[in-house]
Amino acid sequence: MRTNRPAAQATSLSAVRNLGILAHVDAGKTTVTERILFATGAVHKRGEVHDGTTVTDFDAQERDRGITIFAAAVSCDWAGHRVNLIDTPGHVDFADEVERSLRVLDGAVAVFDAVAGVEPQSESVWRQADRHGVPRIAFVNKLDRAGADLDAAVASIRARLGAVPLVVQRPIGREGDFTGVVDLVRMRTLRWDGDTCVAGPVDGALLAEAARRRRLLEETVAELHPDALEEFCAVSALTEQTLVRVLRELTLSGGAVVVLCGSAYRNRGIEPLLDAVVAYLPSPLDMPPVRGAADGAEQERAPDPAAPFAALVFKVNVTARGRLTYVRIYSGVLRKGDTVRDAATGRAERVGRILRVQADQHEDREEAMAGDIVAVVGVKAARPGATLCAPDAPLLLEPPAVADPVVSVAVEARLGTDTGRLAAALARLAEEDPSLVVRTDPETGQTVVSGLGELHLEVAVEKIRRDHGVEVGVGRPQVSYRETVLRGVSGHVHRHVKQDGGAGQFAQVVLDVEPLEEVGFEFRSTVVGGRVPQEYARAVEAGCRDALGEGPLGGHPVTGLRVTLTDGATHSKDSSEMAFRTAGRFALREALRASAMGLLEPVVEVTVTVPEDGVGGVLGDLAARRGQVSASTAVAGSAVITAAVPLAELFGYASRLRGRTQGRGTFTTRPAPLAPVPAAVADALLKR
């Protein structure tokens with residue numbers, strides 16, 4: 001792939017932008033990324049998602065399915081700035097890819113559909129960015145579609161995301177007649193003739209509305225920023241310079257979100273979007289120093305090439321050409337041939353090559369420095385979330401959070417001779433994707449793969465078939481149920497005595513078990529008079545946690561209970577922490593068998609978009625799946641239905657929905673809190 005070579009390379013950290021493209025599936029973020037690469041000269045031919053020719057959706061499954069599955073990194077240059085982009089998945093099953101990407105990004109562009117506005121996964125990725133404190137700007141895409149409405153999309157950003165949108169552009173023309181935008185900051189028009197953007201003055205037909213919108217923008221900014229308020233009160237207006245500076249400060253602080261608009265597919269609105277990335281989103285120097293642990297104390301590292309080297313691994317990709325380890329460098333310089341240290345394991349790793357990544361293409365570099373996002377070859381064992389640092393200046397950074405898997409399938413090689421190859425393929429998948437968990441069921445001996453959704457597992461199995469040539473048999477996905485206490489017990493006594501020669505074991509505990517309104521486990525001790533020393537009470541808690549792994553109903557993990565240690569007894573010679581841990585484990589198991597127990601099941605919030613003539617069939621199907629409808633709204637000739645559905649009832653729903661709506665229905669899911677299983681359903685489950 002040919003890469004753009006600007007006349008003057010950006011050498012300063014202030015001229016670097018590390019950002020992600022975030023959106024709901026099908027909002028157009030991959031097309032936005034593709035048009036950014038085209039506008040900056042990084043590619044010289046526009047790729048299309050429907051043709052399978054985009055740069056970032058290079059995996060065969062992505063091209064077959066027409067969606068982004070794996071986060072892909074690319075880079076380009078614009079206005080003397082180096083822009084490092086990560087195109088993230090929009091499907092909820094791949095939210096862990098988004099989480100790991102957001103951990104290493106400085107800013108983001110959130111893409112919204114001008115017809116649908118804020119969609120379920122738009123909201124999910126927005127909340128993820130909130131947790132990481134990532135500054136954002138918004139791009140309302142697809143203004144050329146029928147039913148596109150910028151004001152409605154902005155209203156949904158305000159209502160559903162709780163953000164303060166600052167609209168800096170207005171569209172020229174509606175739907176199919178959309179030809180350009182009015183730039184409210186510089187008070188000019190930008191019109192596109194093919195791939196050429198032509199700037200001009202705001203003419204008479206647009207001037208009155210543009211002036212009114214500019215005034216509203218100035219008033220809103222003045223309310224949010226003291227410097228802007230002072231200038232506005234003095235001269236009843238804001239200069240372009242003040243407006244740009246204040247918009248940047250509000251973006252960096254999270255006080256507001258700059259909103260732009262366009263149509264990426266028609267190549268309209270991309271150049272001003274890039275200008276906004278440079279003007280409003282942060283450089284590495286604008287971000288606070290990264291914090292980590294060293295020698296038991298918290299330390300900070302500024303984004304300085306002169307500081308000791310520190311980087312975070314956020315992605316691993318094992319290919320036929322070798323193991324690529326993607327890192328964000330926070331401080332220092334990394335050179336080819338350097339030896340670095342895995343801060344968590346202490347393992348030394350030698351960097352054989354440093355690569356600038358352009359999706360599936362790579363360019364060798366001699367060194368990389370603070371602010372860079374690169375891939376390295378030669379690191380053998382570092383997993384996503386690992387910290388690589390200078391051997392003489394250790395620093396352990398906080399890793400990205402990993403979502404708990406919610407769906408499982410049993411897999412086996414169709415040919416007995418492929419069993420070893422399947423195990424190797426699964427180990428490689430788990431190495432690349434921390435949210436994919438592989439285990440062996442101790443009772444059945446089955447190999448069980450767990451992930452974040454049905455599509456997540458489907459993609460993993462297909463990857464084994466395509467990349468490793470192993471034919472795999474797949475069993476029906478199993479849902480991870482939980483058991484909980486409905487009615488507890490008080491004063492349950494367990495006496496643990498073991499004497500088999502030598503020192504014995506003695507521990508006596510008295511437990512109260514009661515339901516907890518929230519999911520989780522609480523332990524407390526109300527023992528007085530030193531009858532159970534504090535170190536033994538902690539051992540009892542550890543034993544109780546051991547017992548939570550298998551409940552009395554069906555061997556599912558137990559949650560939603562509080563255990564209180566009310567009394568106990570010790571022996572001067574035979575009592576020990578091990579004895580009390582054993583006593584705690586057996587005591588809680590007995591207490592749970594004596595309690596009234598119930599099953600909890602994972603529930604997902606399903607948002608279904610269907611034509612209005614298909615609403616009846618979809619509602620009936622949701623009811624048959626024990627779904628509880630919470631909302632139904634009409635949007636541009638379609639109905640959007642929101643319902644809470646047990647995950648166990650959702651398998652195969654995609655094909656059923658396509659059949660009921662002649663392929664026109666779509667749905668998305670996101671996790672919801674656990675819910676009790678109805679008694680009749682629970683009885684049927686426990687009899688299996």
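The side chains of E649 and R626 form a salt bridge, with an N to O distance of 3.3 Å; the term denotes a side-chain nitrogen of Lys or Arg within 4 Å of a carboxyl oxygen of Asp or Glu. The two residues lie 23 residues apart and link distant parts of the chain. E649 sits in the loop between β38 (638-646) and α15 (653-660), R626 in the loop between α14 (615-624) and β37 (628-635). Helices (H or I, at least four residues) and strands (E, at least two) are DSSP runs, numbered from the N terminus. E649 is partly exposed at 26% relative accessibility, and R626 is partly exposed at 23%. Buried stands for under 20% relative accessible area, exposed for over 50%, and partly exposed for values in between (1.4 Å probe, protein chains only).

The model is predicted: local features need pLDDT of at least 70, side-chain atom pairs count only at pLDDT 80 or more, and totals for chains, interfaces and linings use all residues. Residues are numbered from 1 along each chain as its sequence is written, and side-chain values use heavy atoms, with hydrogens and water left out.

Across the whole structure, 50 salt bridges are found. One of them joins E514 and R562 at 3.5 Å, N to O. E514 belongs to strand β32 (residues 505-515) and R562 to strand β35 (residues 561-569), so this pair ties together parts that are 48 residues apart in sequence. E514 is partly exposed, at 28% relative accessibility. Another salt bridge pairs D130 with R136 at 2.8 Å, N to O. D130 is partly exposed at 37%, whereas R136 is buried, with a relative accessible area of 10%. Both residues belong to a network of salt bridges that links E123, R127, D130, R136, R160, E605 and R670.

Nonpolar cores were also identified. Such a core is a set of buried Ala, Val, Leu, Ile, Met, Phe, Trp, Tyr and Cys residues joined through side-chain atoms within 4.5 Å. The largest has 51 residues, and V109, I137, V221 and L247 have the most contacts inside it. Helix α9 (residues 270-280) supplies the largest share of this core, seven residues. V221 touches L166, A228, L238, L243, V246, L247 and L250, leaving aside residues up to four places away in sequence; contact requires heavy atoms within 4.5 Å. A separate core has 39 residues, including V409, L657, V677 and L685.

Helix α1 (residues 29-39) is mostly covered, with nine of its 11 residues buried. Among them are V32, I36 and L37, together with the charged residues K29, E34 and R35. G41 follows α1 and has a positive phi, near 85°.
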